[in-house]
Amino acid sequence: ELALKSLGSEGLFLFSSLDTNNDLYLSPEEFKPIAEKLTGVAPISEFEEEETPDPSGETLSIVAKFQPLVMETMTKSKDGFLGISHVALSGLRNWTAPAAPMSMMLARQFKAFLPPKNKVDVGDPWWIIPSELNIFTGYLSNNRFYPPPPKGKEIIIHRLLSMFHPRPFVKTRFAPQGAVACIQAISTFYYTIAFRIHAEFQLNEPPDFPFWFSPGQFTGHIILSKDSSHVREFKLFVPNNRSLNVDMEWLYGASESSNMEVDIGYLPQMELESTGPSIPSVIHDENGNVIDSRDPSGEPIQFVFEEITWQQEIPWEEAAQKLEVAMYPFKKVSYLPFTQAFERAKAEKKLVHSILLWGALDDHQLGEHNKLLSASLPMPGSGRTLRETVLESSPILALLNESFISSWSLVKELEELQTNRENEFYSKLADLHLEKYNFPVEMIICLPNGTVVHHINANYFLDITSMKPEDVESSIFSFSTNFEDPSTATYLQFLKEGLQRAKPYLQT
């Protein structure tokens with residue numbers, strides 16, 4: 001109360017965004033972002049002091065490519081962003097180019113991507129940055145402007161993402177956080193490492209309120225020597241193959257519980273790529289003498305790199321799937337694209353278990369729905385709550401694998417499919433799904449011909465599973481005594497009800 005009286009609500013909001021341990025005292029480390037902002041001078045980090053460049057070490061040139069978010073893809077663009085202040089979106093509108101179009105990095109800094117000693121098999125995932133959050137731990141504060149100083153293996157990822165924007169948060173507010181990797185290929189001296197990173201950016205600064213920009217994921221690969229002295233190739237990017245790939249959230253007040261707006265949109269390009277292999281920063285002749293990096297005519301010396309012969313290798317798609325399952329255990333069940341799911345169901349004479357939602361089920365932020373304008377707790381109806389609870393449980397995974405073909409779809413994608421008259425069957429499938437959809441998430445069980453035999457809205461599902469069994473009036477969803485978790489029991493009952501209702505159709 002005294003702090004509120006002294007600073008006012010907006011002053012306290014800024015103070016608390018810096019006071020990361022909530023002790024009502026700003027340490028020098030907590031005040032550092034404001035000092036840097038006021039002085040324009042950023043002190044050398046401990047990491048940079050420790051990492052004195054090796055004179056004979058190699059350097060890697062990396063370029064950033066960025067195309068800004070297509071504003072017309074945001075839901076709120078349909079009414080001309082009515083009621084949304086221009087200031088709220090200023091950080092987004094002004095972000096039209098990468099913060100650093102090119103950067104030189106030490107090859108040794110990419111050591112963070114190397115596997116631990118117990119993870120040297122192809123396709124065996126490990127965490128570069130472990131996720132520290134789950135459904136039980138809660139979520140990190142929305143009321144922050146400046147990222148905490150990165151530590152350890154976070155440092156290289158923070159530096160890479162800083163090429164896009166000066167305020168990347170390597171640890172996201174929501175689970176699953178972190179970065180996961182696996183070996184895609186092995187040779188005598190080299191690895192190809194596939195990786196997936198969940199990170200987000202804070203686009204606004206005081207006095208504006210926070211605006212969070214959360215790409216669905218960053219993914220990519222690096223080819224580097226086993227001693228990390230040489231990087232042959234590096235690429236990191238946000239996938240752009242779906243119609244929506246970024247979640248955005250922004251606050252409208254000076255407190256954690258202030259109203260929050262949420263939207264999703266499409267980012268055409270956000271990628272980093274090496275311009276070529278890493279090269280020595282200093283060149284020595286056979287006698288150890290330093291020689292000029294240019295030949296007598298003034299042209300740079302051309303390096304010749306040996307061809308890498310891979311001894312073991314898996315396809316990129318398989319590596320990406322391994323990383324996805326590590327991030328999301330619910331993906332132990334394959335979720336096929338919408339139309340493929342019906343083709344597979346017909347071939348295998350199974351039902352389709354379909355999840356229709358506003359944003360993606362398997363991207364870091366896009367599974368978050370129905371925010372209720374306050375974001376410190378798991379929200380009813382969220383794809384995130386589903387994927388972190390029932391869809392990961394062993395009984396559900398077993399039944400889905402045995403009796404269903406699973407799929408998830410964006411509403412926007414099915415709306416586009418619905419209007420596609422080139423394939424009437426696909427259009428009809430989309431139509432039957434959209435007829436049953438209610439915001440934010442609808443779980444649907446249907447026949448291979450698209451006929452819906454059962455469906456339930458995620459909000460209703462989470463409402464009844466939060467009640468005591470004796471208070472549930474509906475006889476459609478009964479609690480089984482075999483499982484202590486009512487969510488698992490109820491979802492299992494939903495699936496079994498679908499199988500029961502479909503029996504007459506499947507037997508004909």
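The legends below describe close-up views of a predicted model.

**View 1. An open sheet of five strands.** In this view, five strands make up an open sheet whose order is S4-S7-S8-S11-S12, and their pairing is antiparallel. The edges of the sheet are strand S4 (168-169) and strand S12 (260-265), each of which pairs on one side only.

**View 2. The pairing of strands S7 and S8.** Strand S7 (residues 200-202) and strand S8 (residues 211-215) run antiparallel and are joined by two bridges. Within this pair of strands, phenylalanine 201 stands opposite phenylalanine 213, which belongs to S8.

**View 3. A salt bridge between glutamate 273 and lysine 65.** In general, side chains of opposite charge can pair when their charged atoms come close. Here glutamate 273 forms a salt bridge with lysine 65, and the closest N and O atoms of the two are 3.8 Å apart. Because glutamate 273 lies in strand S13 (residues 269-274) and lysine 65 lies in strand S1 (residues 58-67), the pair ties together parts that are 208 residues apart in sequence. Glutamate 273 is partly exposed, with a relative accessible area of 27%, and lysine 65 also counts as partly exposed, at 35% relative accessibility.

**View 4. A salt bridge between lysine 119 and aspartate 124.** The side chains of lysine 119 and aspartate 124 form a salt bridge in which the closest N and O atoms are 3.3 Å apart. Lysine 119 has a relative accessibility of 22% and therefore counts as partly exposed, while aspartate 124, at 24%, counts as partly exposed as well.

**View 5. A salt bridge between glutamate 249 and arginine 173.** Glutamate 249 forms a salt bridge with arginine 173, with the closest N and O atoms 2.7 Å apart. This pair links distant parts of the chain, since glutamate 249 is in strand S11 (residues 246-251) and arginine 173 is in the loop between S4 and strand S5 (178-186), 76 residues apart. With a relative accessibility of 0%, glutamate 249 counts as buried, and arginine 173, likewise at 0%, counts as buried too.

View 6. In the model the count of salt bridges comes to 14.

Notes: Residues numbered from 1 in each chain as written. Predicted model: local features only at pLDDT ≥ 70, side-chain atom pairs only at ≥ 80, totals over all residues. Heavy atoms only, no water. Pairing = 2+ DSSP bridges. Helix = DSSP H or I, 4+ residues; strand = E, 2+ residues; numbered from the N terminus. Salt bridge = Lys/Arg side-chain N within 4 Å of Asp/Glu carboxyl O. Buried < 20%, exposed > 50% of the residue type's maximum accessible area, 1.4 Å probe, protein only.
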